[in-house]
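Have the structure open as you read.

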Amino acid sequence: MSAVTLDHITKTYDKGKVLAVDDVSLQVAEGELFGLIGPDGAGKTSIFRILTTLLLADKGSAAVQGYDCVKDYREIRSRIGYMPGRFSLYQDLTVKENLDFFATLFGSTIESNYDLIKDIYDQIKPFNDRRAGKLSGGMKQKLALCCALIHKPEVLFLDEPTTGVDVVSRKEFWDMLKKLKTQGITIVVSTPYMDEAMLCERIALIQNGKIMSVDTPEKIIAAYPVKLYAIKADNIYRLLTDLRSMPEVDTSFAFGEYIHLTLKNERADTTALQQAIEQRGHTHVTIKVIQPGIEDSFIRFMNQDSK
Amino acid sequence: MKQFLVFIRKEFFHVFRDRRTLLIMFGLPVAQIVLFGFALTSEVKDITLTVIDQSGDVNTQQLIRKIKSSSYFIVNETSVDYNEIEDAFKKGTAKSALIFPPNFGNDLQHGGKAQLQLLTDGSDPNTAKTVINYITAITTAYQQQISPGPRLPYTIVTESRMLYNEEGNGSLNFIPGVMALVLMIVCTALTSVSVVREKELGTMEILLVSPFKPLLVLIAKAIPYLILSLANFILILVLAVFVLDVGIKGSIVLLFLESMLFIITCLSLGLMISNTTNSQQTALLLSMMGMMIPTMIFTGFMFPLENMPKPFQIISNVIPSRWYFLIVKSVMLKGLGFSYIWKETLVLLGMTTVALTIALKNFKTRLS
Amino acid sequence: MEEKVIVCKDLTKRFGDFYAVNKISFEVNKGEIFGFLGANGAGKTTAMRILCGLSYPTSGEATVAGFNVYKQTEAIKKNIGYMSQKFSLYENLTVLENIEFFGGVYGVPSAEIRKRSDNLVQKLGLTAEAKKLVGSLPLGWKQKLAFSVAIFHQPRIVFLDEPTGGVDPVTRRQFWDMIYEAAATGITIFVTTHYMDEAEYCNRVTIMVDGKVEALDSPANLKAQFKANNMDEVFYQLARGAKRSGD
């Protein structure tokens, strides 16, 4: 049985004027760490809210742990943990009070599932009597995760838990998720950061309410249909504009210090390309064939869709 | 049940940790009582009294001298025509007028009974009442002076009429008014804001996805404010009795029960507002503009309803505080029992049922 | 010698005992794309507020576009543009109304506003949406429009506070194209970001840790200095040791 099932789900707002989720179907296996990867406005939050029984879909059906999201919403609500995107806890309650409150609300106690949250809670325990509003961003996020876990949910929904959080805290957060996974909890997480996709077992790339691809990150990358080149030269911006004007170039996008490039007509030999670039006055040109990343795949899917 | 209690405790934490809420809650009634108490103080001095003496005999002269010699009045004996007196009131050049009809002394001495007319500006009921009391006292004293002995052969009947506010609302009436106003603000505004704050924080989503029944969320949010409002009600009563010396003439239990009913009405309105808005500012604005201003205007303690245009009088019927005001006035100031206020109680009960039903019906177990 | 548009020397901002910004010093050249990185709570926002003339430093010296941050904050505000992820445009005004409003605020003459806004709308491909409310546009378009509005009055420096947060990868790159283009016309770009690949697009990068500038160089030099493969690793090495964290 799948932990989460979405079957042809469609959701619109403003009486059908805004299409938020467009015929989405996917399944998340029990115990899986599943990522919804896409920019803001792609429909991630709507999908989360449908699964957490907070919204009704226009069309299609959804289920969590085999329970229907419409009919059996009470059953689902006692089995899931949810951390909404803008969740910020009660700022005027202390760490301990927040935790106690959410534990009781879900019919549990801090003690009964202490082993589950211990690793995370130990880090914020020194601030037990501090008001949540006075905690740092990283700490708040840890407290929020504790609150979502306190009743030992079977499925955990995390809506953009790492948005606006710096690289260090993001790394810590993902380490925590990996540990949780070993406890057998199914985790569905959304993120706009493409680099976080590699940390999930399976991902769905989502854009404009549509799923562009669902698979393991490795398979999505392996399915990249063409050869990908990375090019750099001294003046990267001029290189980018020059590449766009070259007829043999299909796509070119800046990726850090390199430009990622695909060609319309694949050639094994890059010397001709190098010469063409150098002819335009570029210095220190290096070209190499590289492994694409999730972001390359995402861009490629986006371009296919818009064509 | 434990969830419910923990929820209520959490709400109390919110209230006691937010100085602004506390200030609104307990500072407001104190400020209102003190302000109204001072503003409506009955200490009156140097009131200009226009005297129209159409008789001009010994008795009127003696009486006028007596009035002059008291420190309360500045007598203005300009010969205003009786027919112009109302214009003088409208222009504000006269605030009170004493009119001796022709043959005053004659009537008094030969008929044993004379009439004088006292006109006061009822739009300032407090001063108006004081003027009436003082003039009545002075005439009574004069009466006793000219007719020693137990029997009073001569009687002067003071016929007084308050222009613009014939019933003479004022003085004590502000206490029921303040009670209605404060309870309205505290219950409606604070309840709606406390629910909407959860929506803004994103905690509402968590509350909804928890196994805790959504309806209980609303009730748990309302209960602390019910308790605090009752505390508030007691505070106002204590202030009224011990600071302003206003006695409670009727049954305290009845007053308490009726107030509880009114508080529940206000809480329901607060919950209704919170269901329709998503931001604290809108909620506050709605409860302030939508509740407080009509309460001030249509309750009847600031502006007498009887003198309002008909459409306004009709509108005032849907304002809950109007009925509560009548109830408190009857029980607290007049000492009447339930049999005199059952109609008002029924109206409040009806309003509460409607508001509560709408509030609970509209509360969604989902986000939209 | 290159023209310096921002000069900071020992700039400090103290809140009680807390040094939000602790003696930072750097210079930014005209037309440079200057990346300003740091973990949450490192003091980025505070430093940026001082440079925008929104807050006074406790001590130290700084000039922005030649104007002193203590005395000439009004002059600074006239010469800079500002755009953040949170507040950018009025959602309930149309595209054109937003341009007109912000152009007017910065004292661009009306005739000039009309001329330039037509060009701008055309360049952004928003001709069909010019009379639509900004709130109805997709996020990526909003951010591109917000940037265009921030440089509409042709400021000398534009401050961008996490301009690309949550934006899709293609739009993010289009956004950077616009940044490059603006820099080529001589506008200095001062930008903060959480995307480390974007740090690579900057000419020079500052990394703040606990209120201090811990690194300042070109991305290539920083990578060499920290023996790292990418900016992500550089940042992680520096920020991992941070004692404070916050919003």
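Of the two pairs of chains in contact, which chains share the most contacts? That would be chains A and C. Keep in mind that this is a predicted model.

## Who touches whom

## The A–C contact

Chain C puts 30 residues into this contact, and chain A puts in 26 residues. On the chain C side, four helices each supply at least two residues: H6 (169-184), H7 (196-199), H8 (219-225) and H9 (231-239). H6(C) gives the most, with five residues.

As for the make-up of the side of chain C that touches chain A, you get 15 nonpolar, eight polar and seven charged residues.

## Two positive phi values in chain A

Glu160(A) is a residue other than glycine with a positive phi, near 45 degrees. You'll find Glu160(A) in the loop between strand S7 (155-158) and helix H6 (167-181) of chain A. Is Glu160(A) buried or exposed? Glu160(A) counts as buried, because it has 23 C-beta neighbours inside 10 Å and the cut-off for that is 20 or more.

Asn208(A) also has a positive phi without being glycine, this time near 50 degrees. Its place is the loop between strand S9 (202-207) and strand S10 (210-215) of chain A. With 19 other C-beta atoms within 10 Å, Asn208(A) is partly exposed.

Definitions and conventions: Residues are numbered from 1 along each chain as its sequence is written. Chains are lettered from A and ligands numbered from 1 in the order in which they are written. This is a predicted model: local features need pLDDT of at least 70, side-chain atom pairs count only at pLDDT 80 or more; totals for chains, interfaces and linings use all residues. Two residues are in contact if their C-beta atoms, placed from the backbone, lie within 7 Å. Ala, Val, Leu, Ile, Met, Phe, Trp, Tyr, Cys and Pro count as nonpolar, Asp, Glu, Lys and Arg as charged, and the others, Gly among them, as polar. A residue is buried if 20 or more other C-beta atoms lie within 10 Å of its own, exposed if 12 or fewer, and partly exposed in between; C-beta atoms are placed from the backbone.
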